[in-house]
Amino acid sequence: MENKEKLNIFYTSALEAANKRSSEDMRQFGVAMEKRMEEFRKQKKEELTSRYQTEAEKLKRELNRHVSEAVTELKRRLNEHQQEKKEVLFDMVSSRLKDYRQTERYRDYLIAKIRMAKEFARQEAVVIYIDPADQDQKEFLEQTCGCSLTVSQQEFGGGIRAVVRSKNVLIDESFQTKLNQEREAYTF
């Protein structure tokens with residue numbers, strides 16, 4: 001065998017060995033690249049999922065904040081409206097009380113409350129006050145109830161107030177006090 005043939009055989013076998021090795025290296029490189037690509041995809045997917053969850057939570061918090069602000073505003077407006085209606089209602093009640101104070105039934109009411117205060121005091125001294133607006137009825141009430149009445153220096157919207165000093169008791173049957181109690185207790 002001649003050198004050329006030997007060289008040709010060596011060249012062919014070296015080329016085949018190089019091709020085999022190159023193919024194996026390429027295959028291993030492809031597997032490694034596929035593995036790195038899969039890891040890259042997995043990492044990017046996790047990043048996107050995390051970013052999506054973060055943005056979703058951020059949007060949810062923002063939506064909750066907007067809803068909370070809207071609910072607070074609606075509650076505020078509802079409260080204002082209720083307060084307006086409450087004032088209208090109590091203005092109407094006050095107006096009706098003024099009308100009521102001009103009736104015979106109001107006079108009967110005063111008589112009943114004066115007698116109640118006297119009964120509560122029994123033998124103790126009691127000072128019974130009437131509203132300054134009811135001063136014109138003082139004489140009639142004193143004769144009917146058989147007691148002395150005092151016209152208050154302070155208006156209290158009708159009704160009576162009585163003081164039993166020995167028992168340290170204030171009997172407040174004034175319309176102003178009752179109206180204020182109802183106003184505080186009234187809810188929609």
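Predicted model: local features only at pLDDT ≥ 70, side-chain atom pairs only at ≥ 80, totals over all residues.
Residues are numbered from 1 along each chain as its sequence is written. Local features need pLDDT of at least 70, side-chain atom pairs count only at pLDDT 80 or more, totals for chains, interfaces and linings use all residues, and side-chain values use heavy atoms, with hydrogens and water left out.

Colleague: Which element gives the largest share of the lining of the largest pocket?

Modeller: Helices are DSSP runs (H or I, at least four residues), numbered from the N terminus. Two elements give two or more residues to this lining: α1 (3–100) and α4 (175–185). The largest share, 5 residues, comes from α4.

Colleague: Is Arg161 buried or exposed?

Modeller: Arg161 sits in strand β3 (residues 159–164), a strand being a DSSP run of E, at least two residues. Buried means under 20% relative accessible area, exposed over 50%, with a 1.4 Å probe and protein chains only. Arg161 has 17% relative accessibility, so Arg161 counts as buried.

Colleague: Which side chains make a polar contact of 3.5 Å with the side chain of Arg161?

Modeller: A polar contact is a pair of N or O atoms within 3.5 Å, one able to donate a hydrogen and the other to accept it; residues adjacent in sequence count only if both atoms are side-chain atoms. One partner is Ser174, at 3.5 Å. Another, also at 3.5 Å, is Thr177. The names are Ser174 and Thr177.
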